[in-house]
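Keep the structure in view as you read.

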Amino acid sequence: MQQQVDSLYKKMSQAERVAQLYGIRSSEVVENGKLSLQKCREKIPNGIGHVCQYACALDLGPNELRDFVRDSQNYLINETPLGVPAIFYEEAIIGLAAKGTTVYPQQLGVACSWNPELATVNTEQTAEVMRSVGATLALSPMVDLIRTAYWPRIEESYGEDGYLSPAMGVAFIEGLQKNGLKDGVAACTKHFWGYGGGSSLTWKEIFEEVLMLHEAMIRLADCKVLMTSYGRFRSEQAVSSDTLLNKILRGYLEFDGLVVGDYGAVEHSSQKGNPEILKQRAIEALVAGNDIELPSNNCYKFLSELIKDGLIDEQYFEKAVKRSLMLKARLGLLSTDRKLYANGDLDLDCPQYRKTSYDLACQSIVLLKNNGVLPLSGKHKKIALVRPNANTYWCMLADYTY
């Protein structure tokens, strides 16, 4: 695969190489609910690295969604210079975030089941669904260690326990990647170095608890994609931290996969329209080892200019492009026998998927035994539940549900 990647890189124009380092939203190439070849020719004439969260953004049923991917890949293979397919990715913490799919319990509920074996079955099924509609990368699992009770996305996590969280995260990836990347779906561990864990941590806590979750995903589950966070690591922005990405991730953890930035993390600036600031952000992120800018190219669109002006050593650019292409090679997208989607009539919500979801939901229920701590006694016959979430099931569906 490395020889294939090296050969492909040599054949690429600079514009084609840059195009591998960012993504595009599906809505940018859609007109009246269908793929527009004219928009493709205008916006991605040199190909594209990723098509971002394409399923949750489109009001398309299973067959229509698959057809959108089919038509998009046909354009990329037949009308761009070197015919390199894109990686279509989605969120998958509750199953594929697409219309007409089974909704599984949120990750916090899965953790409460204490059943990693069933959690693996969950993501095996998710991988089947994702591959059938052309998705080859999941921006999941979210393994941040959450110990800040008011952080607003707790349900995405596996909670506060430094052992249970990586155990469930490894189970998630083992299911998703069970058939190997050529037939399965690549997982993305996030967020490096974490959200909701508190800011005044010692180095011991950072390595043995916060970063250990990602270490488990990489060493035990062979995760090949990692997403950086919006936050800071010590004095450095995480997405452009030499300490975090080069010294710890690539050095200590020996990670040889792809690093992607959280949405908008590369620019991380209130002055988003200032080209000079955006160029500086591109330099900082790429040199530190952040390979892909998501979901667009607000900063990385300047890379050719920055290399030409000598502001970025081309070795950093070459490494990033080759890592992007290597993931595509691992996923089988560069092979002649590549599997880009399934044919026939698709069912993304079949009975066995529903059963897995139901079993996980049942096992996630937590009972509290009152040993005199709760202000309840036998004389109380009714309990009032109030506020907006008291009588709605929507709050149980969590983030990234279609």
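In this predicted model, the second largest cavity holds about 50 Å³ of space. Its lining is made up of Ile93, Gln107, Val110, Ala119, Asn122, Thr123, Tyr158 and Phe172. Sorted by class, the lining has five nonpolar, three polar and no charged residues.

The structure holds four cavities of 30 Å³ or more. The largest has about 70 Å³ of space, and the residues around it include Ile24, Val51, Tyr75 and Phe88. Helix α4 (residues 62-79) provides the largest share of that lining, three residues.

There is also a largest pocket, with a volume of about 500 Å³. It is lined by 20 residues, and those closest to its centre are Pro105, Gln106, Ala361, Ser364 and Met396. Helix α13 (351-364) contributes the most to this lining, with six residues, while α5 (107-113) is another helix that supplies at least two.

| Space | Volume | Lining by class |
|---|---|---|
| Largest pocket | about 500 Å³ | 12 nonpolar, six polar, two charged residues |
| Largest cavity | about 70 Å³ | nine nonpolar, one polar, no charged residues |
| Second largest cavity | about 50 Å³ | five nonpolar, three polar, no charged residues |

Now for the packed parts. In soluble globular proteins, nonpolar side chains tend to be buried together. Here, the largest nonpolar core has 105 residues, and Tyr54, Phe68, Tyr300, Leu303 and Phe317 have the most contacts inside it. A second, separate core of 18 residues includes Phe192, Ile206, Phe255 and Ala288. Back in the largest core, look at Tyr54: beyond its neighbours within four places in sequence, this tyrosine is in contact with residues that include Leu65, Phe68, Val69 and Phe88.

Is histidine 50 buried or exposed? Histidine 50 is buried, because its relative accessible area is 1%, below the 20% cut-off for buried residues. It sits in strand β4 (residues 50-52). Leaving out residues up to four places away in sequence, histidine 50 touches Tyr22, Ile24, Tyr89 and Leu137, among others.

Notes: Residues are numbered from 1 along each chain as its sequence is written. This is a predicted model: local features need pLDDT of at least 70, side-chain atom pairs count only at pLDDT 80 or more; totals for chains, interfaces and linings use all residues. Side-chain values use heavy atoms; hydrogens and water are left out. A nonpolar core is a set of buried Ala, Val, Leu, Ile, Met, Phe, Trp, Tyr and Cys residues joined through side-chain atoms within 4.5 Å. Buried means under 20% relative accessible area, exposed over 50%, partly exposed in between (1.4 Å probe, protein chains only). Contact means heavy atoms within 4.5 Å. Helices (H or I, at least four residues) and strands (E, at least two) are DSSP runs, numbered from the N terminus. On a 1 Å grid over the protein atoms alone, a cavity is a set of points where a 1.4 Å probe fits but cannot get out, and a pocket is an open set with protein on both sides within 12 Å along at least five of seven lines; lining residues have an atom within 4 Å of a point. Grid points are joined across faces, edges and corners, and a volume is the space filled by probe spheres set on the points. Ala, Val, Leu, Ile, Met, Phe, Trp, Tyr, Cys and Pro count as nonpolar, Asp, Glu, Lys and Arg as charged, and the others, Gly among them, as polar.
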